Amino acid sequence: MPFTPDPRLLPEALQARRNLIRRARHSPAGRTAARIDLAGMRLVRSTARSRRATRAVVVFSRTGEHGALWLGLGAVGAAVDRRRRGDWLTGLAAVGAAYVANTSLKTVARRPRPQLRDLPPLVRTPTQLSFPSSHAASSFAAAAAFRHVLPTKPLYATATAMALSRVHLGVHYPTDIAVGATLGTVVAGGVLGVRRGITARRTRRAAATARRAAEDVVAPTPTEGPAA
């Protein structure tokens, strides 16, 4: 019989988790990490001070909402490049899986977005949950998956710029970006591994079928000579 948790214990469990996270954040190591995180955020925010540069960052960053840039790239590639359609579709699957995994982790972690008076956010966001970054997860999943069909350096450069744009706009801490990028890379590796496994099984099946077909070929019976 499956175990059914007592719903009356759920609030207590959630409060225990919050207290554990709170203690970790207020520990000496947690405070040090928070100071480094904030310093990194201020450093990135200082890289583009002009309004024109900020507008460009906003427009670029919006293309990454819900992985839209990468999903669109994969869809176009699958439609145009029929010879490598399987690679493009695998990339699409990797981006989608990374986005789902990141969103799931975000709802568990429930880290609030940065709220700094001197560095207010420059864009609106769908939620106020910060950790990890969906932009980083989907971008690095795309870079890891699409590198088989597109140049690697431009892919990773674009993924890095997309991730850092979220810090510049004040909606993510650097650690959100780092964990999101790691998560996206790991998820993409898993999706690619699954595809390699499927391809290997198909290859083995095809080889076995060819061997059986060769074994089933019966040599022609020699023609008997005229009766004496």
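Guide: Take a 1 Å grid over the protein atoms alone. A pocket is an open set of points where a 1.4 Å probe fits, with protein on both sides within 12 Å along at least five of seven lines. Its volume is the space filled by probe spheres set on the points, which are joined across faces, edges and corners. This model is predicted, so local features need pLDDT of at least 70, side-chain atom pairs count only at pLDDT 80 or more, and totals for chains, interfaces and linings use all residues. Residues are numbered from 1 along each chain as its sequence is written, and side-chain values use heavy atoms, leaving out hydrogens and water.

Visitor: What volume does the second largest pocket have?

Guide: About 230 Å³. Lining residues have an atom within 4 Å of a point. There are 17 here, and Tyr99, Lys106, Arg113, Thr127 and Ser134 are the closest to the centre.

Visitor: How do H5 and H6 pack?

Guide: Axes are lines fitted to C-alpha atoms over the stretch in contact, and angles run from 0 to 180 degrees between N-to-C directions. H5 and H6 pack at about 155 degrees, axes 8 Å apart. They are therefore roughly antiparallel (an angle over 145 degrees). Their contact (heavy atoms within 4.5 Å) includes Trp88, Tyr99 and Lys106 of H5 and Ser134 and Phe146 of H6. It holds eleven nonpolar, five polar and one charged residues.

Visitor: Is the crossing of H5 and H6 left-handed or right-handed?

Guide: Right-handed. There the near helix is turned clockwise from the far one by less than a right angle; anticlockwise is left-handed. H4 (residues 68-80) and H5 cross left-handed. Their contact includes Trp70 and Leu71 of H4 and Arg85 and Trp88 of H5. It has ten nonpolar, two polar and one charged residues.

Visitor: Where should I look for backbone exceptions?

Guide: Most residues other than glycine have a negative phi, and most peptide bonds are trans. His66 has a positive phi of about 55 degrees, in the loop between helix H3 (51-62) and H4. The Phe131 to Pro132 bond is cis, omega near -5 degrees. Pro132 is in the loop between H5 and H6.

Technical notes: Helices (H or I, at least four residues) and strands (E, at least two) are DSSP runs, numbered from the N terminus. Ala, Val, Leu, Ile, Met, Phe, Trp, Tyr, Cys and Pro count as nonpolar, Asp, Glu, Lys and Arg as charged, and the others, Gly among them, as polar. Angles under 35 degrees count as roughly parallel, over 145 as roughly antiparallel, 65 to 115 as roughly perpendicular and the rest as oblique.
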